[in-house]
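Visitor: I am new to this structure and would like to be guided through it slowly. Could we look at it together?

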Amino acid sequence: MSDQDGTSMDESSLFSATVVCPAPIRRQFWKAGNYDMGHSSKATTQSIDVKNHLCVHPMFLHSNATSHKWVFGAIAELIDNAVDEIQNGATFVVIDKISNPRDGNPALLIQDDGGGMDPEAIRHCMSFGFSAKKSNNSIGKYGNGFKTSSMRLGADVIVFSRHLNDRSPTQSIGLLSYTFLRQTGCNKIVVPVVDYEFSASTGKYGPIHLHGKKHFSLNLSILLQWSPYSTEEELLSQGQRGTKIVIYNLWLNDEGDMELDFDSDAQDIRINRGSKIIQKGERVNPIYDQHIANLYLYSLRIYSSILYLRIPQCFRIILRGQIVEHHNIANDLKFWEVILYKPHMGGNVELFCDCVPVLTTIGFLKDAPHVNIHGFNVYHHNRLILPFWRVVKNTTNSNARGVVGVLEANFIEPTHDKQDFEKTSLFQRLEDRLKQMTLEYWDFHCGLIGYQQVKKSRVPVLSKEPPCLRTRGCPEPVLMNHSCDVVDSSIDASSAPVSFQNPGNAPPHISARNPGKPVANYQISSPQGLHTKRRQHKSPQELEHAKKHSGSGLDTTGILHNREEKTGSQSQGQETLGLMQENEKLQSLLLEYEKTEKELNLKVQQLRRQLEDVHREYTELLAKSE
């Protein structure tokens, strides 16, 4: 890349084309990989000295971007970069449509107010394989997400980034342009980057000549010809705290329409083919059409609302001028329960992974049984990887209908596009356990939504995992947290199942939204694990609906009233209560840590802003004194 290795280029051969930025010959993304070198000038290709250099051909930009099959997956990568900037003071990320100043065509804007990138960092960002994200909590780590995602969305992208270093603020501008590389016939990727530093004496940004004035002028001339901005003043006016990304020459689909639909909803960005599907009444089942499990495929507002399991209160995702309301899928469940799963590496149940056990919230969707939706929403380090992942496939009956779960699986690795997981043995065991979990839940609870109850005694399930803690029947679902209380794997399986039926002393970790608030109705279940009917205050209409769907063999009144059930032994009950008390202590400690973390993050943001204000005042006083 020219800005890093100092490769010389003949300016006259590079800029013999017209000043107006022509779009690629093929505007459809999946047809844009045909890189025809026959149209390039011989002088241009020979003007780039590639001797003693390992070059990356521009074709790689397109082939690399094909890892994103889904266009929203590419946008999510860029939102991830903004979320990772929360640790540097970012309070928002803006996603919006803007007009290309050069030709008036739509362009995609993604902007945050984080720490920005200094001249070295922006070069790493626009190169391949560099990543400065060392934290385990960072979403990105491969150093490839920006290139794959931006090139998947459009042929060209320009990046503006302002960074406050130890000396003075800097502004860096970089261009990654597939159009430029094709039109000029380059046989290696050239990324022009220019840098500026704020001068206290002039009160303006002045150029930084890292590789000399000639090199700076060449890069600036490329930016002015091939970017949406035709003057240096326009370029400098785009910068502000954080990073601003403008993707233009957006790709078209195979039908010749723009992939991103900005017109169907002024407060949303949709995928073009999904506009009619989102409209009410277009399909046989309008309830399914309007369900989040369907809408996220076509609506960026819906997808971004479930993209993260937790969003700090100080951070906002702003889509087309409107804040995206965070949505926790666990809130959509009824008759939920929580299952503790500890991953294991081999056939021996004692050979567990060195990782935190996973809390899985499972239940029926509130619209069940009217929607045939099933699947688990699997997050990785807070980021949604698999939405509504169907683990029970090809069923000929109603098994798993309406059963949905939520979990955070940090013990497996996502693929590079963050839309799937690597198919390791750990992943396969997780899939098998989730399938078993789903079918077991259906067998014991399908009667709650009007299906014939499966008649069998509740016996401990033989599984290659430690005993799990189950909690049931609470009026609202568990909101999972990044630190979970763990049940000692040494306890006996018969004492592990717990259901909540009598008011009093439920542990506060059952509801993370109301820490310390008792959850009504808990009772230790019997060692035999007999399933318990819940006291749910149903309306007469719901009761009548249950009777119609249950059949003569099901006692429908049992859905509304508790059934007496034997309790476990006193020693087992004491052991379980001891675990509850320990969980309560751990949860209280966790909440204290989370509160401290939030306070420290807010303090960091306040100090950063105070530092900026002091620096601004200093600059103004220095300018006045001169």
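Guide: A word on terms comes first: helices (H or I, at least four residues) and strands (E, at least two) are DSSP runs, numbered from the N terminus. This is a predicted model, in which local features need pLDDT of at least 70 and side-chain atom pairs count only at pLDDT 80 or more, while totals for chains, interfaces and linings use all residues. Residues are numbered from 1 along each chain as its sequence is written, and side-chain values use heavy atoms, with hydrogens and water left out.

Visitor: What percentage of the residues in the chain is buried?
Guide: The chain contains 18 helices and 19 strands. Buried means under 20% relative accessible area, exposed over 50%, and partly exposed in between, with a 1.4 Å probe and protein chains only. Of the 626 residues in the chain, the buried ones make up 53%.

Visitor: In which strand is the place of Asn 249, and is Asn 249 buried or exposed?
Guide: Most residues other than glycine have a negative phi, and most peptide bonds are trans. Asn 249 has a positive phi of about 50° although it is not a glycine. Its place is in strand E7, residues 242-250, and with a relative accessible area of 7% Asn 249 is buried.

Visitor: In which loop is Asn 382 found?
Guide: Asn 382 also is a residue other than glycine with a positive phi, near 80°. A relative accessible area of 13% makes Asn 382 buried. Asn 382 is found in the loop between E14 and strand E15 (383-389).

Visitor: Which residue in E7 does Ser 161 stand opposite?
Guide: Strand E3 (residues 154-164) and E7 run antiparallel and are joined by eight bridges. Opposite Ser 161 stands a residue of E7, namely Thr 243.

Visitor: At what angle do H5 and H7 pack?
Guide: Residues of H5 that meet H7 include Val 71, Ala 74 and Leu 78, and among their counterparts in H7 are Phe 146 and Leu 153. The axes of helix H5 (residues 71-84) and helix H7 (residues 145-153) are 8 Å apart, and the two helices pack at an angle of about 135°.

Visitor: Which residue in E13 stands opposite Ile 339?
Guide: Strand E12 (residues 333-341) is mostly covered, with eight of its nine residues buried. Seven bridges join E12 to strand E13 (residues 358-365), and the two run antiparallel. Ile 339 stands opposite a residue in E13, Thr 360.

Technical notes: Axes fitted to C-alpha atoms, helices over the stretch in contact; angles between N-to-C directions. Contact = heavy atoms within 4.5 Å. Pairing = 2+ DSSP bridges.
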